[in-house]
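Please have the sequence and the structure open as you read.

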Amino acid sequence: MIIVRVDRWLCTGCGLCVGPVFALEGGYSAVRPEFRVDGDLERGLVPMSLLENVKRAAKACPNRGITYAIREEGQS
Ligand code: SF4
């Protein structure tokens with residue numbers, strides 16, 4: 001799984017990260033509801049099949065608002 005984080009404080013709502021993982025909500029980027037951790041707009045757990053999208057979103061963000069880390073299976 002991939003742990004993703006979007007910092008809505010840094011986000012300017014440009015929309016470049018919008019795709020299967022992130023969507024604009026209230027004018028700023030948020031993790032899509034199906035991936036959220038504890039309903040938190042800023043934190044998510046995403047399957048490895050979406051790694052390319054997460055990488056692109058993180059790279060596209062002009063404000064470095066998106067970060068991610070890969071969690072090896074079996075780790076808590
Ligand atoms: S690319 Fe960055 S600044 Fe633009 S909407 Fe996404 S998180 Fe916000």
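The model is predicted.

**The core**

The largest nonpolar core has 15 residues. Which of them touch the most other members? They are Val4, Val21, Phe22, Val46 and Ile66. Strand β1 (2-6) and helix α1 (51-60) each supply at least two residues of this core. Helix α1 gives the most, with 4 residues. In soluble globular proteins, nonpolar side chains tend to be buried together.

Take Phe22. This residue lies in strand β2, residues 22-25. Is Phe22 buried or exposed? Its relative accessible area is 0%, under the 20% cut-off, so Phe22 counts as buried. Leaving aside neighbours within four places in sequence, Phe22 is in contact with Val4, Val6, Cys17, Ser29, Ala30, Val31, Arg32, Ala57 and Ile66. Phe22 and Ala60 are 38 residues apart in sequence. In space, their C-alpha atoms are 12 Å apart.

Now take Ile66. With neighbours within four places in sequence again left out, Ile66 is in contact with Arg5, Val6, Cys17, Phe22, Ala57, Ala58 and Cys61.

**The ligand site**

Where does the ligand sit? The ligand is in the largest cavity. Around the ligand there are 13 residues. The closest are Cys11, Cys14, Gly15, Cys17 and Cys61. By class, the shell holds 8 nonpolar and 5 polar residues. No charged residue belongs to this shell.

Cys17 is in contact with Phe22, and both Cys17 and Cys61 are in contact with Ile66.

Most residues other than glycine have a negative phi. Asp38 has a positive phi although it is not a glycine. Arg64, also a residue other than glycine, has a positive phi as well. The table sets out both.

| Residue | Phi | Loop | Relative accessibility |
|---|---|---|---|
| Asp38 | about 55° | between β4 (36-37) and β5 (40-46) | 74% |

Asp38 has 74% relative accessibility, so Asp38 counts as exposed.

Technical notes
Residues are numbered from 1 along each chain as its sequence is written. This is a predicted model: local features need pLDDT of at least 70, side-chain atom pairs count only at pLDDT 80 or more; totals for chains, interfaces and linings use all residues. Side-chain values use heavy atoms; hydrogens and water are left out. A nonpolar core is a set of buried Ala, Val, Leu, Ile, Met, Phe, Trp, Tyr and Cys residues joined through side-chain atoms within 4.5 Å. Buried means under 20% relative accessible area, exposed over 50%, partly exposed in between (1.4 Å probe, protein chains only). Contact means heavy atoms within 4.5 Å. A residue is near a molecule or strand if one of its heavy atoms lies within 4 Å of it. On a 1 Å grid over the protein atoms alone, a cavity is a set of points where a 1.4 Å probe fits but cannot get out, and a pocket is an open set with protein on both sides within 12 Å along at least five of seven lines; lining residues have an atom within 4 Å of a point. A molecule sits in a cavity or pocket if more than half of its atoms lie within 2 Å of its grid points. Ala, Val, Leu, Ile, Met, Phe, Trp, Tyr, Cys and Pro count as nonpolar, Asp, Glu, Lys and Arg as charged, and the others, Gly among them, as polar.
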